[in-house]
Amino acid sequence: MLVKKDDKGAVRTEAPKETAPENVRGRPGRRSAEDRRRAVLELLGGKATVDQVAMRFGVLPQTVEGWRQDALAGIDAALKQGTGKSARELELEGEVEVLRETALNATMQVTLLQKAMGIKPRPSRPARSRK
């Protein structure tokens, strides 16, 4: 209890004002994985808004949005496991197909050129025994 005198000398008592804890903003990237997880769960659970979470953790709202996007991407990747090929796998398979076609075309061109020039292809040497 605080005791104060007003301008006329009367004594009054007041309850102390509660101060909100200061959210001191730390260096960027210094939030633990546990902090980020809790923030995203609060956000996805509808318990708080982006601004409320940002204020509570002492970061910018854009940072919280980034955490949410990262979490959703991780959830998406986890749910896709075993059900399909990743984007990288599909990209590599496409590259392999292009390389196979290129090699086949080169082999066909060599064969056609040899026939046109009257060159008989040499048989390959028999493999040696490794004994």
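Is E65 buried, partly exposed or exposed? At 28% relative accessibility, E65 counts as partly exposed. This is a predicted model, and the points below go through its helix packing and salt bridges.

1. E65 meets R68 in a salt bridge between their side chains, with N to O at 2.7 Å. The two residues are three apart in helix α3 (residues 61–80), so about one helical turn separates them.

2. Salt bridges that share partners join E34, D35, R37 and R38 into one network. E34 is partly exposed at 36% relative accessible area, and R38 is partly exposed at 37%.

3. Helix α1 (residues 33–44) packs against helix α2 (residues 50–57) at an angle of about 155 degrees, with the axes 10 Å apart. Angles over 145 degrees count as roughly antiparallel, and therefore α1 is roughly antiparallel to α2. The crossing is right-handed.

4. On the α1 side of this contact are D35, R38, A39, E42 and L43, and on the α2 side V50, V53, R56 and F57. Five of these residues are nonpolar, none is polar and four are charged.

5. E42 forms a salt bridge with R56, the closest N and O atoms being 2.2 Å apart. E42 lies in α1 and R56 in α2, so the pair ties together parts 14 residues apart in sequence. E42 counts as buried at 19% relative accessibility, because the cut-off for buried is under 20%. R56, at 44%, counts as partly exposed.

Key
Residues numbered from 1 in each chain as written. Predicted model: local features only at pLDDT ≥ 70, side-chain atom pairs only at ≥ 80, totals over all residues. Heavy atoms only, no water. Axes fitted to C-alpha atoms, helices over the stretch in contact; angles between N-to-C directions. Helix = DSSP H or I, 4+ residues; strand = E, 2+ residues; numbered from the N terminus. Parallel < 35°, antiparallel > 145°, perpendicular 65-115°, else oblique. Left-handed = near helix turned anticlockwise from the far one by under 90°. Contact = heavy atoms within 4.5 Å. Nonpolar A, V, L, I, M, F, W, Y, C, P; charged D, E, K, R; others polar. Buried < 20%, exposed > 50% of the residue type's maximum accessible area, 1.4 Å probe, protein only. Salt bridge = Lys/Arg side-chain N within 4 Å of Asp/Glu carboxyl O.
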